[in-house]
Amino acid sequence: MTRTAPQFLFDFGSPNAYLSHEAIPAIEKRIGVKFEYVPILLGGIFKATNNKSPAETLAGIKNKREFQAVETERFIKRFQVQPCVWNPHFPVNTLNLMRAAIAAQIEGVFEQYVEAAFHHMWREPKKMDDPEVAMKALASSGLDARKLLSRSQEPEVKAKLIKNTEEAVARGAFGSPTFFVGNEMFFGKEQLREVEEMVSGK
C-alpha cells in the first residue's frame, strides 16, 4: 500500500510549528513516510483570512492561555520533544527567513536550513528579522547564509512563497502549523495524532 505523504505547512515564527517539527521525525519512523515541508508566510495567511496570532486573540481571556500552556506540556511529554525557549524578540518578522527557505529548496540544503532556522528561533532564540543576526546565526549552522539571503530577494523565490501561501488559504488554511493528508486538513500541533492515524489507516 502506498501511503499519502502528509504535508506540513509552516512558518518559523510559530512556536507550535517548531514543536511539530520536533515531533515529526519519530512519527515518520512509525508510519514509514516522510512529511513534505511547505514554507508559507503566516503573516500573509493572517491577512488573507482576517486571523490574528494567539498572542492577540487570547489577550484578556481568563484561563484560556493557561490551558494552552497545559496542553503544550502534554504535547511535550507525549512526543518527548525539547520545549521551545521563548524568543524575547517575539513577534519576529519572518518574511526573509521564509523566502530563504524557498531559496534553500532550490540550493538543495532545505532540511539543514529548516533545522537551523527553527533552532535559532526557538532553541537559542535570536532576533532573526535582523539581517546581520540571521546571517551570522545561519552561517554558524554551516550554511552559506549570504547566498541564501541574497537568493531570497530573487523574484521567482518571492513568487513561490506567495504561491504557497495563496494555495494554503485556498485549501482552507488559516494559521500554522497546518497539515494535509490528501485533501484532509488538520490544524494545530495537537492534530499530529490524527495525522499519524490517517496515514497509518487506523
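Contact here means heavy atoms within 4.5 Å. The structure is a predicted model, in which local features need pLDDT of at least 70 and side-chain atom pairs count only at pLDDT 80 or more, while totals for chains, interfaces and linings use all residues. Residues are numbered from 1 along each chain as its sequence is written, and side-chain values use heavy atoms, with hydrogens and water left out. Helices (H or I, at least four residues) and strands (E, at least two) are DSSP runs, numbered from the N terminus.

- An open sheet is formed by 4 strands in the order E2-E1-E3-E4, with mixed pairing; two strands pair if DSSP finds at least two bridges between them.
- Strand E2 (36-39) and strand E4 (184-187) are at the edges and have a single partner strand each, so one side of each lacks a neighbour in the sheet.
- On average, neighbouring strands of this sheet are turned by 25° against each other, direction ignored; the axes are lines fitted to C-alpha atoms, for helices over the stretch in contact, and angles run from 0 to 180 degrees between N-to-C directions.
- Strands E1 (residues 7-10) and E3 (residues 178-181) run antiparallel and are joined by 3 bridges.
- Phe 8 has Phe 179 as its bridge partner in E3.
- E1 and E2 run parallel and are joined by 4 bridges.
- In E2, Tyr 37 stands opposite Phe 8.
- E1, helix H1 (residues 15-31) and E2 make up a right-handed β-α-β unit; a crossover is right-handed if, with the strands pointing away from the viewer, the path from the first strand over the helix to the second runs clockwise.
- In a regular strand the side chains alternate between the two faces of the sheet.
- E1 is covered on both faces, with Gln 7 and Leu 9 buried on one side and Phe 8 and Phe 10 buried on the other; buried means under 20% relative accessible area, exposed over 50%, and partly exposed in between (1.4 Å probe, protein chains only).

**Helix H9**

- Helix H9 (residues 155-170) has 16 residues and spans 22 Å from its first C-alpha to its last, close to the 22 Å expected at 1.5 Å a residue; the expected span is 1.5 Å times one less than the number of residues.
- Val 157, Leu 161, Asn 164, Thr 165 and Ala 168 are the buried residues of H9.
- These residues are on the same side of H9 because they cover an arc of only 90° around the axis; the arc is that of the directions from the helix axis to the C-beta atoms.
- An α-helix has 3.6 residues a turn, so residues three or four places apart point the same way.
- Pro 155, Glu 166 and Ala 170 are exposed on the other side of H9.
- The cover over the buried residues of H9 includes E1, E2, helix H2 (42-49), helix H5 (95-107) and helix H8 (145-151).

**Helix H10**

- In helix H10, the buried residues are Leu 192, Val 195, Glu 196, Val 199 and Ser 200.
- Their arc around the axis is only 125°, which puts them on the same side of H10.
- H1, helix H4 (64-79), E3 and E4 are among the elements that cover the buried residues of H10.
- Glu 194 is in helix H10 (residues 192-200) and is partly exposed, at a relative accessible area of 30%.
- Between Glu 194 and Asn 87 there are 107 residues in sequence and 29 Å in space, C-alpha to C-alpha.
- Gly 201 follows H10 and has a positive phi, near 75°.

**Single residues**

- Glu 28 lies in helix H1 and counts as buried, at 13% relative accessibility.
- Not counting residues up to four places away in sequence, Glu 28 touches Val 33, Lys 34 and Phe 35.
- Glu 36 is in strand E2 and is partly exposed, with a relative accessible area of 40%.
- Glu 36 and Phe 8 are 28 residues apart in sequence, and their C-alpha atoms are 6.0 Å apart in space.
- Residues up to four places away in sequence not counted, Glu 36 touches Pro 6, Gln 7 and Phe 8.
- Ala 116 has its place in helix H6 (residues 110-122) and counts as buried, at 5% relative accessibility.
- Leaving aside neighbours within four places in sequence, Ala 116 is in contact with Leu 138, Ser 141 and Leu 143.
- Ala 116 and Leu 138 are 22 residues apart in sequence and 6.4 Å apart in space, C-alpha to C-alpha.
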